[in-house]
Amino acid sequence: MQRALFASTHNHLLLLEHPPVFTLGARASMANLLVDPSEVGAELVTADRGGDITWHGPGQLVGYPILSVPGKRGGGMADTVAYVRSVEQLIIDTLGDVGLRDVGRLEEYPGVWVEPMSSNPRKIAAIGVRLTRGRSMHGFALNVDPDLVWFDRMVPCGITDKAVTSLVAEGVDASMREVVDALAARAEMQWGSLDRQDVVWRERVDDLTPFSRGEGPGEASGTKESPHLDGTSVRISGRLAEAGVTTGLEISSRKPDWMRVKADMGPEYRRLKSVMKSLDLVTVCEEAGCPNIFDCWNDGTATFMVCGERCTRKCGFCLVDTRHPEAVDPLEPSKVAEAVEKMNLDYAVITMVARDDLLDGGANHVAETIRAIRDRRPDVRVEVLISDCKGDGDSLDVINDAQPDVLNHNIETVPRLQRVARPSASYARSLAVLGRAKAAGLTTKSSIIVGMGESFDEVVSTMADLAAVGVDIVTIGQYLRPTSNHLPVARWVDPSEFDEWKRIGEVELGLSHVESSPLTRSSYHAKQGEQAARV
């Protein structure tokens, strides 16, 4: 995620707590690592920053300012010393604001120290940055209340004769949130206006929907033969119906008129339906009861789901079957390719359930499907909508190396609602997946669902984050509640707001294409979005 933001011109300050990790800077010596990280439950990561070895983990506030840094005396080359001093000053001022006074710099040692002029200076914050082409990466680690035993397992920053401390160890009982609030205020004074977006402050089971807590679907929005959006009858496809799952469409008299669409079962739609039945395949278009199925199928576009129909996650907005997943069908790539050929599609979208039970998250299966389609129909444009593969770089590279025409990964909602909407995912990880695909030279795409409790400006901020990591195409659509155990619909978003998001995304944020309307789904007008991005 850092690298993707670093490649943009946008300024960001990322604040987080890491899981336990030892990081090695450019000048690090392995002799300063005194334990096997795996034996103490930590990772070991090589970082492209200055400095030696350090540790990040719970109780420590890590900050990554990703900024355009001014040059020396107005020149083009960034003033590294002045920038490091500014980061140190940010921390010094923040510590003063939360009640720790005697802090400052120690000659020849970057970072922030407690009682720096005494006979016992103690390091409370480490600094390690990278500056290239006037842009900054990495930053600082401020000890709020970490387990200081971690610092006995290494030689912190390669300094053998100085102690490490924390706010709590120095008698300042400030919470992590209080420190973040103080630091954010100081950062705004120092670096300019901030648009703050907090992801999660607590992780309690009670925060999740009953569905995400494992209680299964509640009262369904419809029945197995439920009325479609315009009142016509649409049968739910076989496999979900057999699993006891009904359509994801919320049927309610409170729906506004703009949430209704008329069926257009023209000859092309009926032909494609016949082909699907003959091959014993089911598209996501049918599985989810998508209101746009007639439009897309009549336009020569369809979406296939691979890696089975059972998902290993329980997102608060989604009604995919979450029973124990079955083995992946090795013939599925060739079946999908045959369907694409027989349906004479111009554009094929391949989506997948999350398969955290597989070592590669299903990445090789997706890549094989892309290759199988291209073997049969080299002219067909292929878009893949993938899971995050738990952020595993090797697995993601398998998909990226297959060179889909579009790599789609959905951010789904704004930072504040990530925890309740997608508890097994991560806002930052999703941005990293998209940034990695962009670095591989792919056209990238993501989707936002609205109506779950977000504000208009939060959607704009999320689009700005997507633009900052290089996303080309964004889709925005209205949330429909699957069952009573899922997130409720907070509001029906007026069509005028969708129009304004499209304008802001394309005109102000520079996105190649924004598909934004109440009935938009992730694959709606996928072909047109890809064409716009290519232009």
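Trainee: Is Asp173 buried or exposed, and what is the relative accessible area of Asp173?

Mentor: The model is predicted. Asp173 lies in the loop between β10 (163-164) and α3 (176-191). A residue counts as exposed over 50% relative accessible area. Asp173 is therefore exposed, its relative accessible area being 75%.

Trainee: Which residues gather with Asp173 in a patch of negative charge?

Mentor: The patch lies on the surface. Besides Asp173, its members are Asp145, Asp147, Asp152 and Glu178.

Trainee: Are the rings of Phe456 and Trp501 stacked or edge-to-face?

Mentor: A search of the whole structure finds six aromatic pairs. In the pair of Phe456 and Trp501, the ring centres are 5.0 Å apart and the planes stand at 15 degrees. Planes under 30 degrees apart count as stacked. The pair is therefore stacked.

Trainee: How many residues apart in sequence are the parts that Phe456 and Trp501 tie together?

Mentor: Phe456 is partly exposed, at 24% relative accessible area, whereas Trp501 is buried, at 0%. Phe456 belongs to helix α14 (residues 456-468) and Trp501 to helix α15 (residues 495-508), so the parts they tie together are 45 residues apart in sequence.

Trainee: How many residues apart in sequence are the parts tied together by Arg130 and Asp48?

Mentor: Side chains of opposite charge can pair when their charged atoms come close. Arg130 and Asp48 form a salt bridge, with the closest N and O atoms 2.6 Å apart. Arg130 lies in strand β8 (residues 122-132) and Asp48 in the loop between β3 (43-46) and β4 (53-56), so the separation in sequence is 82 residues.

Technical notes:
Residues are numbered from 1 along each chain as its sequence is written. This is a predicted model: local features need pLDDT of at least 70, side-chain atom pairs count only at pLDDT 80 or more; totals for chains, interfaces and linings use all residues. Side-chain values use heavy atoms; hydrogens and water are left out. Patches are made of residues with over 30% relative accessible area and no salt bridge: like charges are joined within 9 Å, nonpolar side chains (Val, Leu, Ile, Met, Phe, Trp, Tyr) within 5 Å. Accessible areas come from the Shrake-Rupley method with a 1.4 Å probe; for residues, only the protein chains shown count as cover. A salt bridge is a side-chain nitrogen of Lys or Arg within 4 Å of a carboxyl oxygen of Asp or Glu. Lys and Arg count as positive and Asp and Glu as negative; His and the chain ends are not counted. The place of a charge is taken as NZ of Lys, CZ of Arg, CG of Asp or CD of Glu. Helices (H or I, at least four residues) and strands (E, at least two) are DSSP runs, numbered from the N terminus. Buried means under 20% relative accessible area, exposed over 50%, partly exposed in between (1.4 Å probe, protein chains only). Rings of Phe, Tyr and Trp (its six-membered ring) pair if their centres lie within 6.5 Å; planes under 30 degrees apart count as stacked, over 60 as edge-to-face and the rest as tilted.
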